[in-house]
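Please open the model in your viewer and keep the selection panel at hand. The tour below moves from one selection to the next and says what is found at each stop.

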Number of protein chains: 2
Amino acid sequence: MPYHAPVDDFTFLFDHVVGLDQVRATDRFEEASSDITAAILTEAGKMCEEVMAPLQRKGDLNPAYLENGVVRTSPGFADGFKAIAEGGWVGITADPAHGGMGLPMALNTAVNEMMSAACLSLQLAPLMGQGQIEALEHHASDTLKDIYLPKLISGAWTGTMNLTEPQAGSDVGALSTKAEDNGDGSFSVTGQKIYITWGDNDFAENVCHLVLARLPGAPQGTKGISLFLVPKFIPDADGNPGKANSLKVVSLEHKLGLHGSPTCVMQYDGAQGWLVGPEQGGMAAMFTMMNNARLGVGTQGVGIAEGAFQHALAYAMDRKQGRTQGPTGSIVDHADVRRMLASMKADVFAARAIALSCAVAIDMHNATGEAEWKARAAFLTPIAKAFGTDVGIDVAQQGVQVHGGMGFIEETGAAQFYRDVRVTSIYEGTNGIQAMDLVARKMMDGGEAAHALIDEIEEQAEAARERFPRMGEAVWQASENLREATEWLVSQQDMEDRFAGAVPYLRAFARVLGGHLHLKAALADGVGGPREKLARFYIQRLLPEHEGQLVHAQAGAKALMALSADELAA
Amino acid sequence: MPYHAPVDDFTFLFDHVVGLDQVRATDRFEEASSDITAAILTEAGKMCEEVMAPLQRKGDLNPAYLENGVVRTSPGFADGFKAIAEGGWVGITADPAHGGMGLPMALNTAVNEMMSAACLSLQLAPLMGQGQIEALEHHASDTLKDIYLPKLISGAWTGTMNLTEPQAGSDVGALSTKAEDNGDGSFSVTGQKIYITWGDNDFAENVCHLVLARLPGAPQGTKGISLFLVPKFIPDADGNPGKANSLKVVSLEHKLGLHGSPTCVMQYDGAQGWLVGPEQGGMAAMFTMMNNARLGVGTQGVGIAEGAFQHALAYAMDRKQGRTQGPTGSIVDHADVRRMLASMKADVFAARAIALSCAVAIDMHNATGEAEWKARAAFLTPIAKAFGTDVGIDVAQQGVQVHGGMGFIEETGAAQFYRDVRVTSIYEGTNGIQAMDLVARKMMDGGEAAHALIDEIEEQAEAARERFPRMGEAVWQASENLREATEWLVSQQDMEDRFAGAVPYLRAFARVLGGHLHLKAALADGVGGPREKLARFYIQRLLPEHEGQLVHAQAGAKALMALSADELAA
C-alpha cells in the first residue's frame with residue numbers, strides 16, 4: 001500500500017505544538033537542530049515509503065514460518081531490516097559512545113510512527129531492539145555494554161523481551177522460569193516464555209534475549225525477579241557469535257494479524273545468560289524497557305491510524321457513488337464520509353501530539369534530570385499508550401467502513417490495518433493496565449502531575465479565549481471537568497473505586513488533552529487555516545465525549561461489583 | 001465454540017419488555033401462545049447449540065471454494081442447512097398456505113439471533129431465503145408463488161439477492177444489468193453482480209436469484225429498475241429443477257471473515273427470468289426484502305455480540321491472573337474486567353430489546369394494518385440495523401480485549417467474532433446509509449414517529465421515578481435531550497445539515513431507547529434483581545454517552561464541509 005510520510009506534520013508539531021525548542025535548548029540535545037531533524041525525517045520517511053511500505057502486504061500473505069527450529073522471515077524482510085539498520089534508525093536515541101545518534105526521543109517517536117505505518121510487522125524488530133538497548137544502557141555492566149550495544153545499535157544483532165509465561169501475563173510476578181548461578185559470572189536459565197515478538201529471525205547474526213527469571217530462594221511475586229541477557233549464540237572472546245546456546249523456538253503463533261512478525265514460544269534449557277542489573281532487580285530494569293516500549297506501542301497505534309486514514313482518504317477521493325454537491329464528484333463529498341475522514345484525521349493529530357508530548361517530557365528529563373519532567377513523562381506514558389492504540393483500532397475500523405463492501409475484501413488492504421493493529425491495545429500492558437497505572441501509581445503524588453497538566457491546559461484555554469472564544473471556552477470547561485474528576489479519584493482510598501472507572505478516565509483525559517493540543521495548533525495556524533478548521537471539528541464534535549466518560553469514571557466499584565459473575569452468566 | 005441459547009432472556013423480553021402480548025392478542029398471531037414460543041425457542045436453541053455452533057470454526061478454517069464453476073461448501077454445512085430447513089426455521093413467518101409457520105417476526109428475530117451467534121456464515125443462507133420469500137409473497141404472481149414458495153420455505157431451494165454491481169453499491173440506481181422481454185412471459189437477463197451472498201451452494205436442489213435489472217427504454221436511476229426471479233435451474237412443468245440457466249459464478253471473494261459464506265461474483269448471460277412486481281417497480285419490491293433484511297442484519301450483530309460475550313465471560317471466569325478481592329479468584333473479579341463484561345452484557349440487552357421492539361412493530365402492522373405501527377417499524381429499522389451491528393463490532397472487539405494476548409491468537413476464537421462481524425455495519429446499506437434514512441426519509445412526517453417514541457420513553461420514565469428515582473430521572477432527562485435534538489434536525493431544510501450528524505444522532509437515539517428498555521426490565525425485575533443491577537449499570541455509566549453524540553448531531557454541515565478534501569489530504 002502506498003504511504004506518504006507526513007514529514008510536514010511532524011515539523012509543525014515539533015515547532016509549534018510539543019515544544020521541541022526546549023529540548024534543543026538543552027546541552028544534551030543541542031545538535032538536534034531544525035536542519036538535522038528535517039534531514040532525518042525526510043530520509044527515514046523516504047525509506048518508509050520506498051522500502052517498508054511495499055513489504056506490508058507481502059508479510060501478510062507470506063507469514064514467517066518455522067523450519068527445522070529456525071524462523072524463516074517473510075520475503076523482503078531481510079532487506080527491509082538491513083535498510084532500517086543502515087539508516088541508523090535502530091539507534092536514534094542510543095548513546096553515541098556505542099554508535100548511536102544520541103538524538104531526542106521525540107525524533108525517534110516520529111520515525112517509529114512512520115515505520116509502523118509503513119510495515120508494522122517489520123517495525124516490531126527495531127522497536128524490540130530499542131527497548132533492549134535502553135535497558136542495557138541503564139542497567140548492564142560495562143563488559144556487557146561493550147559487547148552487545150554496538151551490535152544491537154548497528155542492527156547486526158537483534159533483541160527481544162521475554163516476560164510472559166502461560167500463567168504469567170498481566171501478572172508477571174507469577175512467572176516460574178528459573179536461573180542458577182554458574183559460578184563463573186554467568187547463569188543457567190531454564191523455562192518457557194510465550195508471545196516472544198521476533199524471538200528469532202534469519203537476517204541478524206545474533207538474537208539477544210532479555211529474560212525475566214527467578215534465582216533460587218528469591219521471594220515470590222515481582223520482587224524476586226532478576227533480568228538476564230541470553231544470546232542465541234554466545235559471543236566469543238572477540239565478541240563475535242560463537243557456540244549456539246541451549247535455547248530454541250518451539251513454535252510460532254497463528255495470529256489475527258502481524259503475520260510478518262514471528263511470535264514465538266521460546267524454550268530455555270539451562271541456557272547461558274548474564275545478569276542485567278542487581279539480583280532481584282529485574283523489574284526495575286524491565287520497567288525502563290517497558291516504559292519506553294509503551295510509548296513505542298502507542299506510537300504504533302498512531303502509525304496504523306495514519307496509514308489507514310491515508311488509505312481510506314485515497315479510496316474516498318477516487319470512488320464515485322451517488323449524487324454529491326461537492327467539487328470532486330466522489331464520495332469524499334458526502335457529509336457522512338467527510339465526517340468519518342475528519343474524525344480520523346482529528347484523532348490522528350491528537351494521538352500523535354500526545355505521543356510526541358510524552359517523548360518531549362522524556363527528553364527533558366533525560367537532559368535536565370528534573371523531577372517535574374520525570375513525573376510528566378510518567379503520567380503521559382499510559383495515556384500515550386492507551387489512547388494511541390485505541391485511536392489506531394478505531395481509525396482502522398472506520399477505514400474499513402469508508403471502503404464499504406470493499407473494506408471486507410482482503411485485497412483492498414483496509415482489513416489488514418484492522419487486523420494488525422488489534423493487538424496494540426493488549427501487548428506491553430493492556431490498556432486496562434495502563435489506565436490502572438494512571439489512576440493508582442501515577443496518582444501516588446496526590447494528583448500533582450495530573451493537576452500540573454490540567455493547569456497548563458486551563459491557562460492556554462484562558463489565553464485563547466480572545467482569539468477563539470468558543471474553542472477557548474470549550475477547552476477551559478473541559479479542563480475544569482477533568483480537575484473535578486481527578487480530585488474525586490485521588491480522594492478514593494479504595495483502589496477498586498478508582499479502577500472501576502480507570503479506562504473511561506484515561507480516555508477522557510486524552511480527549512481533553514487532544515483538545516488542548518488542537519487548540520495550540522489552531523493558535524499557531526491562525527484563523528481559517530486547515531489546522532484551525534480541524535481543531536474546530538475536534539473541539540466542537542469529538543471533545544464533548546469526555547463528559548460522559550467522566551460520569552462513568554466517577555461511578556465507583558460498588559454497583560459494578562454488585563453485579564456478580566454468576567449474574568453476568570445468568 | 002460452545003454456545004448457550006439465551007432462551008430465558010428472550011422469554012423475559014417477550015413477556016415484560018417488548019410487549020409480545022399485544023401481538024398474541026391479534027387474530028393473525030393468536031397461535032403464538034407462550035407455550036408455542038417457548039417450544040420454538042427451546043427447539044431452535046438446541047439446534048443452534050448442537051448443530052450450528054460446532055460449524056463456526058470449521059467454516060473459518062475450511063472456506064467455501066469454487067470448483068469447475070460450482071461452489072463447494074465448508075465441511076458440515078450441508079448437514080447444518082438440512083437441520084435448519086427440517087426445523088422449519090427458514091419459514092417461521094412465512095404463509096402457512098405455502099408451508100410456512102405464520103408466526104410473528106419477533107419469534108423469527110429471536111431464532112435468527114441464535115443462529116447468527118452459533119454460526120453466522122451459515123445463518124446467512126436462511127436469512128437470504130427469508131428475504132426472498134417475503135418479496136415473493138408480496139410482489140410475485142400466483143404462478144411464481146406456487147412454484148417457488150414451497151421449495152424456498154422447505155429449504156429444498158435457497159434464495160439470493162442481487163443488487164450490487166462494481167459501480168452501483170450504495171447508489172443502486174447506477175446499475176447497468178439489462179433485461180429483455182422474450183415475448184413468452186419470461187425475460188433475458190444480462191449483466192454482472194458482485195457481493196452475492198450464498199450465490200451458489202452444493203446442498204440445495206436449486207438456487208433462486210432475485211436480480212435487479214433495467215428494461216429497454218427504462219429511465220436512469222432507481223425509478224427505472226425492475227426485479228426478476230432468475231433460477232439456477234429452470235423449473236420444469238412439474239416444478240422440478242430442469243435445464244441449467246445461462247448464469248454462473250465467476251469467482252469468490254477472499255474476505256476478512258465469514259469464510260464459510262461464499263460471496264460470489266455472478267454472471268448472467270441472457271439468463272431466463274420472470275418479473276416480480278410491475279415493470280419498473282423493482283425498488284419497491286426490493287425494499288420489502290431489504291427492510292426486513294435490515295432488521296435481520298441488526299439481529300446478526302446482536303447474535304455475534306451474545307456469542308462474543310459468552311465466550312469472553314467463560315474465559316474470564318476461568319483465567320487466574322493477579323490478586324483479586326472477589327470470590328472466584330479469576331480475572332472476572334478485577335473491576336476493569338467486570339466493567340468490560342458488564343458493558344458488553346448491557347449493550348447486548350439494549351440492542352436485542354431494540355431489535356425485538358422493531359419486530360413487534362412489524363408484527364403489529366402486519367396484523368392490524370395500522371399506520372402508526374408501520375411508521376414505528378420504519379423508524380426502528382435503521383436504528384435496529386445500525387445499533388445492533390455497532391454493538392456486534394464493539395462487543396466482539398471488547399471480547400478480544402478480555403482475552404488479553406490470547407485474543408490475538410486465532411485458535412482462541414475471539415478473533416473470529418471480530419472478523420466475521422465486521423461486514424454487518426456495511427452490507428444491507430451501510431450504517432451511514434441507515435442514519436441518513438433515519439434523519440431524512442423517516443422524518444418526512446415532520447418527526448411524528450420520532451416524537452411518538454420519545455413520548456413513550458418520557459411517560460415511562462416519569463412513572464418510574466417513584467420506584468427508581470435516579471434511573472427515572474436520568475432517562476427522563478435523556479428523552480428531553482433527544483426531543484430537542486430531534487426538533488433541531490427536523491427544522492433543518494438543507495439535508496446536508498442533517499446528514500453531517502446523522503450517525504451520532506442515530507447512536508444517541510439508540511442509547512436512550514436502550515435506557516428506556518433497560519428501565520422497563522428493571523421495573524419488571526424489581527429492586528435488587530440482576531436486570532435491575534444491569535439497568536443501573538447501563539443508565540448510570542453508558543447512557544451519558546448520548547449527550548456528546550447529540551452535540552455532534554446538531555453541529556451541522558458547514559464547518560465540516562469547510563474542511564476540504566484537499567485540506568484533509570494535506
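Begin by selecting helix H18 (residues 545–553) of chain A, where A:His546, A:Gly548, A:Gln549, A:Leu550, A:His552 and A:Ala553 are buried, buried meaning under 20% relative accessible area, exposed over 50% and partly exposed in between, with a 1.4 Å probe and protein chains only. Helices (H or I, at least four residues) and strands (E, at least two) are DSSP runs numbered from the N terminus. Next, show what surrounds the buried residues of H18(A): they pack against helix H14 (469–490) and helix H16 (502–525) of chain A, together with helix H10 (335–368) and helix H18 (530–542) of chain B.

This is a predicted model, in which local features need pLDDT of at least 70 and side-chain atom pairs count only at pLDDT 80 or more, while totals for chains, interfaces and linings use all residues. Residues are numbered from 1 along each chain as its sequence is written, chains are lettered from A and ligands numbered from 1 in the order in which they are written, and side-chain values use heavy atoms, with hydrogens and water left out.

**The interface**

Now select both sides of the contact (heavy atoms within 4.5 Å), which takes 84 residues from chain B and 84 residues from chain A. Chain B and chain A bury about 7,600 Å² between them, 61% of it on carbon and sulfur atoms; this buried area is the accessible area (1.4 Å probe) that the two parts lose on being put together, summed over both. Two salt bridges are counted between chain B and chain A, a salt bridge being a side-chain nitrogen of Lys or Arg within 4 Å of a carboxyl oxygen of Asp or Glu.

**Salt bridges within chain A**

Move on to A:Lys193 and A:Glu165, whose side chains meet in a salt bridge at 2.9 Å, N to O. A:Lys193 lies in strand S5 (residues 187–197) of chain A and A:Glu165 in the loop between strand S3 (157–162) and strand S4 (178–181), so the pair ties together parts that are 28 residues apart in sequence. A:Lys193 counts as buried at 0% relative accessibility, and A:Glu165 counts as buried at 4%.

Finish with A:Glu306 and A:Arg352, which meet in a salt bridge at 2.8 Å, N to O. The pair links helix H8 (residues 282–318) and helix H9 (residues 335–368) of chain A, 46 residues apart.
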